[in-house]
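Subject: Structure for you to look at

Hello,

Here is the structure we talked about.

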Amino acid sequence: MTETERNVTGQFSAEGRDSQLLIRHAVIADVPALTAVERQCFPPAEAATEEQIRARVQSYGDHFWLLQQGNRIISFVDGMVTEEPDLTDRMYEEADLHNPDGSWQMIFGVNTIPAKRRKGYAGRLLREAIRQARQESRRGLVLTCKEQLIPYYAGFGFVSEGLSASVHGNVTWYQMRLNFADQKE
């Protein structure tokens with residue numbers, strides 16, 4: 001069994017729209033492909049560099065959820081785990097802040113290549129991240145987003161906490177939290 005196969009979290013069919021899709025965690029060999037997807041999804045000031053993605057995968061590859069079609073990564077969600085309750089700009093820069101025993105799963109990016117958007121792929125990965133966070137007994141998940149995406153993330157149970165202290169990429173961000181204590185199982 002390869003490292004990639006050990007990291008598989010699930011496989012599903014996309015109702016005939018595409019061939020079989022595989023959800024798995026990241027390994028170092030994925031870094032160039034992840035960087036390419038990141039560059040398609042975020043402007044340069046907001047996109048993680050290849051070096052940042054490499055450091056993240058090295059520190060918390062099991063907190064990357066990748067959607068692969070054939071040999072191609074078409075979508076991914078990633079973020080570290082921390083005891084800190086709020087997402088800070090420092091977390092984007094310092095992968096070694098990851099604390100595998102932390103209470104909060106941060107979400108740094110929800111990325112889907114443009115040709116595969118609006119097919120539910122990002123949502124499938126978010127649900128997988130939420131499932132894993134519950135399984136790992138986290139308190140919940142935290143992300144930041146642009147104002148127009150607040151309703152999208154609210155659909156997954158995230159609640160807006162207003163403007164974030166984050167100014168990553170010189171953008172106005174809104175912090176959203178999915179607190180498991182606020183939800184009924």
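**What was found**

In strand β2 (residues 21-24), L21 and I23 point one way, L22 and R24 point the other way, and all are buried. Buried means under 20% relative accessible area, exposed means over 50%, and partly exposed is in between (1.4 Å probe, protein chains only). Helices (H or I, at least four residues) and strands (E, at least two) are DSSP runs, numbered from the N terminus. In a regular strand the side chains alternate between the two faces of the sheet.

Before going on, the ground rules. This is a predicted model, in which local features need pLDDT of at least 70, side-chain atom pairs count only at pLDDT 80 or more, and totals for chains, interfaces and linings use all residues. Residues are numbered from 1 along each chain as its sequence is written, and side-chain values use heavy atoms, with hydrogens and water left out.

**Overall**

The protein has six helices and ten strands. Of its 185 residues, 52% count as buried. Take the contacts (heavy atoms within 4.5 Å). Among those with a separation of 6 or more, 63% are between residues 24 or more positions apart.

**Strands**

β2 is joined to strand β3 (residues 64-69) by four bridges, and the two run antiparallel. Opposite L21 stands Q69 in β3. Two strands count as paired if DSSP finds at least two bridges between them.

There is also an open sheet of five strands, in the order β5-β6-β8-β10-β9, with mixed pairing. Its edge strands are β5 (81-82) and β9 (159-163), and each pairs on one side only. Going through the pairs:

- β5 and β6 run antiparallel, joined by two bridges. V81 is opposite Q105 in β6.
- β6 (residues 104-107) and β8 run parallel, joined by four bridges. M106 has V142 of β8 as its bridge partner.
- β8 and β10 are antiparallel, over six bridges. C145 has Y174 of β10 as its bridge partner.

Look closely at strand β8 (residues 140-145). Six of its six residues are buried. Both faces are covered: G140, V142 and T144 on one side, L141, L143 and C145 on the other. Helix α5 (residues 121-135) lies across β6, β8 and β10. It runs at about 145° to β8. Axes here are lines fitted to C-alpha atoms, for helices over the stretch in contact, and angles run from 0 to 180 degrees between N-to-C directions.

**L178**

L178 sits in strand β10 (residues 174-179). L178 counts as buried because its relative accessibility is 1%. Leaving out residues up to four places away in sequence, L178 touches W104, I130, R139, G140, L141, F156, G157, F158 and Q183. Take F156: it is 22 residues from L178 in sequence, and the two are 8.1 Å apart in space, C-alpha to C-alpha.

**Helices α2 and α3**

Helix α2 (residues 31-41) packs on helix α3 (residues 50-60) at an angle of about 125°, with the axes 9 Å apart. That angle makes α2 oblique to α3. The classes are: under 35 degrees roughly parallel, over 145 roughly antiparallel, 65 to 115 roughly perpendicular, and the rest oblique. The crossing of α2 past α3 is right-handed. A crossing is right-handed if the near helix is turned clockwise from the far one by less than a right angle, and left-handed if anticlockwise.

On the α2 side, V31, P32, L34, T35 and E38 meet E50, I53, R54 and V57 of α3. By class, this contact has five nonpolar, one polar and three charged residues. Nonpolar covers Ala, Val, Leu, Ile, Met, Phe, Trp, Tyr, Cys and Pro; charged covers Asp, Glu, Lys and Arg; the others, Gly among them, are polar.

T35 is buried, as its relative accessible area is 1%. Beyond its neighbours within four places in sequence, T35 is in contact with E50 and I53.

**Backbone points to check**

Most residues other than glycine have a negative phi. Which phi does R118 have? It is positive, about 65°, although R118 is not a glycine. R118 lies in the loop between β7 (109-112) and α5. R118 counts as exposed because its relative accessibility is 87%.

S137 also has a positive phi, about 60°, and is not a glycine. S137 lies in the loop between α5 and β8. With 64% relative accessibility, S137 counts as exposed.

Regards
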